[in-house]
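Please look over the sequence and the model shown here before reading on.

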Amino acid sequence: MKTSNLRWLHVSDLHVGMDDYAQRSMFEYIKSHVKKRKEEGFIPDFLFVTGDLANKGLSSEYETFWLEFIAPLQEVIGNGIEHRTFVVPGNHDVNRKVNPHFDRAEMADPKSHCFDANDEGLDLRTILLPRFKAFIDSDSTVAEGMFGKPEGSFTNLSEINNLKVGIAGINTAWLCKDDQDERKLTPGKTLLEHSLIQLGDIDLTIVLGHHPLEWLAPGEQKAIKSILARHHALYLHGHLHNVWAEPSYGSGHKFLTVQAGAAFQAREGEKWRNGIVWGEVDFTTGILNLQARHWSYDNQDWPLVSDAFPDYNRTGDWWAYPLPGTETKGLSKHVTISEPLLPSGWITVKPDDLQQYYVTLQEEVAIQFFNGAVPGWSAALSTSIPRRKIVEKLIASFQNAETFGRSIVTLLLASGCEGKTTALLQTAGEFVKCKSNWRILRRVDDAEPLKPTEILPILSGDFYWLVVIDEADRTAETIISLLRQIPTYLHGRVHFLLACRDSDWIASKANDLPWASNCSFSQHRLEGLSAEEATLIVSAWTSYGEKGLGDLTKTPVEDRATVLEKQVYQEAKTSEGAFFGALLAVRHGSDLPNHARLMLERLEQRKIPSGGTVRDALTIIAAMHSEGLEFLSRPVLAHVLSCPLAKLHRDVLLPLGQEAAATTTSSYIFTRHKKIADAIVSILEKDFGEDMADLFVSLGKSAIESYKGGQTVPELAKWRFELAEHFCLSGRTHAGLEIAIGVYSSEQDNYKTLVNTANLFRKAEMPDKALDLFRKFPPFAHKGRAFYFEWSRSEAEMDNLADAAILAAFSVSDDCVDIRVQSDHALKALNGLCVSFSSLFLAYRDAVFLRAKIGVAIIGHHLSLSDQDIEKFDKHMKGTGTLNISIDSVDHAFLALIDGINAANFSGISQKIATEIPNIKNLCFEGLERLVEASNK
């Protein structure tokens, strides 16, 4: 068993040449930080730079990089680090003016030999090599020149502290051309495979590249992931200017990707962070420890990036990940065999873990929280954030938890963005404070389910448990199930702290569940703001000066708390959360558009690995919220962003929450407040000229395609029908029709979406467009009664009177579908038939049509349940003029209907109708007759 540690410094994306003066300052900041760490005893064994060393791939930029940054840094580190410094190229290390014309699709084709690790491959890469000449020529590492050789990559085997460590460097930027590089790149599958084979049997494999694996050509992604997984590699990269780590799989094996942020992307003091990542492998435990730090302009030091990795992985100042492959090498695991694996989206927390958060918040984090960032433990428990009175009440509900002998379930209800998540975390943290015999089990991703079979094994009898669940409406039934399954030895040891939007709790009927018979249940409501609470909140803002107070700086000190309290009262009259609405009004009321604009600018810098930026996501969320269309769900958002659903929480929702941009329930996604949504949409339309209608077309199609792809899409009917109708009813008919067409184009085998689209065309006075849809619909596809009736109305508006009559009659016949006709459809169809027969009478002056109209009106009159329907059919029975037509029974009325159908058929119908309804002369109406009989009993 290996008992030594291995350490490194991971730097990426320096972009030397972007801003000479500011970058030289950053060089000094990094060197000073590394010197301090060395003095503290943390000396890196490796120095990794994963691409974008230069800004434009120029020789002068590399000269600065090596002479003014790397050489002095190596001198600070010492320890022979110059022999264990490794660099790989990125997209900014390409001189794009050289040989820009090459077919990257052809070169990336698996059939190509361009990336073979031999002389032939080198010859075929000849067009690419000059683009990297400055990078290759400047390389001062032990791997210098390797990217220009047949191997096309480098390998290095080092023995450190009795450990065999293999380093492989690959060039993911071979095919970089422009801003459309994503999903078009490759490091060369054969080049990677060749380099890893050279390393042989070693203790640790580290692969250095620049791009995330999701940026590789789709045809190569699986193969490359499988190769990395078989070697249990750590893949270190950069490019996205953000920090993250994620366990990944290929061919049933595991590897780990670690993404470093940009070491330089902006001058200090700007909104973008410059940072580095420290890494350490503990071979005794089989753990990889990571620590991200960024340069703070305000504090002029290197604080932790607390949002870089999930809270679940945090241990003090480090974030721990099980080392891939340790189980095959006899090393102990991060999670012992006896400890059950936590389900995805859940974490356990020890009281001691929370002590570190009872400190003053850094200004940047505090301002984000005041602006509405989704709180984590660090913000909620901070001494900078006051506790509202509801926290005391919630804590009090658990005061007898250890002696009660029964599970306690406490529910906090509030409107959206009222502060319930903060109160939830404050309650949990304060309650278990200094209680070493307690553990918190918390769901950190509201979309993840609660499964008793997965949760029960976690609940060790050695502790009391507080299970913390936000957005608890969809888990209410499974909580009841879990309560019933708790074993005897855990009775009175498992308690629940829940929170939920009050509207969602009521809508899900969670309040109707048998809580009292399964636990001690109480619910509390968070609303309003007392004068004392307002004073505490304003005091917290004041401690951060003008940035904390915002517009409130213009208000006299003695009036500030009163202004906030009154604003909360005013906001309570709206449908949105009063608390956050008041915060926005008093802190950003005079310049909310600028607040929204800055938010968009920041999120434009946050790339989504699957493509686009987080700003794209906020645009979609804001557009839906601003329109009052509150049914945007995760599957739809993931699909329209081309983001894997499993990564939506990490890549999109977490950054949005951190930027105070968006919030989620268990089902849906919103901006933090409709005021923000309205401001964002206004800016996008006025300042950026974005056409939001196109966005809704994409959303409608994405909802259908996501559903067809196997995802559960909540409120699917609203996407199919109400989205387009919403725009038509609000006077934006063109947009509504485009949305309807988009939805139908994604689901052309669904007659219901066709009916909806045709109905909107007809109402927009474009019956010819509606008719075209019906006539092109597959003849053998499934259709319902509504299909034929709406078709009938379209034919009528195009003056195809006989076709309209036949279709309306067919829609209420037994020949239409297997299901018997219902009253609501029958009444509409019979009214339409009356109109069609009346028009046929006026056109042909044939009494059979008049008699048919009266007969249908009699049937409808007998079927009618409302005064309004009776009045309609009474009018159809009048106006016979000089013709003396008498129908004395319902039976004769049905005969008149059949005669009218035959007469319409004889008068001439289209070939399409004759093909669609071949049995016109023998239509049967037994179902309609029975419906009339039942109505008259």
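The sections below describe these topics in turn.

## Basis of the model

This is a predicted model, in which local features need pLDDT of at least 70 and side-chain atom pairs count only at pLDDT 80 or more, while totals for chains, interfaces and linings use all residues. Residues are numbered from 1 along each chain as its sequence is written, and side-chain values use heavy atoms, with hydrogens and water left out.

## Cysteines

The structure holds 0 disulfides, a disulfide being a pair of cysteine sulfur atoms within 2.5 Å. For Cys500, the closest cysteine sulfur is in Cys417 at 14 Å, which is too far for a bond.

Cys500 is buried, with a relative accessible area of 0%, whereas Cys434 is exposed at 70%; buried means under 20% relative accessible area, exposed over 50%, and partly exposed in between (1.4 Å probe, protein chains only).

## Ser706

Ser706 lies in helix 25 (residues 692-708), where helices (H or I, at least four residues) and strands (E, at least two) are DSSP runs numbered from the N terminus. Ser706 is buried, with a relative accessible area of 4%, and, leaving aside residues up to four places away in sequence, it touches Pro635, Val636, His639, Gln711 and Val713, contact meaning heavy atoms within 4.5 Å.

An open sheet of 7 strands runs in the order 3-2-1-10-11-13-12 with mixed pairing, two strands being paired if DSSP finds at least two bridges between them. Its edge strands, strand 3 (85-88) and strand 12 (314-315), each pair on one side only.

Strand 1 (residues 5-11) and strand 10 (residues 275-282) run antiparallel and are joined by 6 bridges, and Trp8 stands opposite Gly279 in strand 10.
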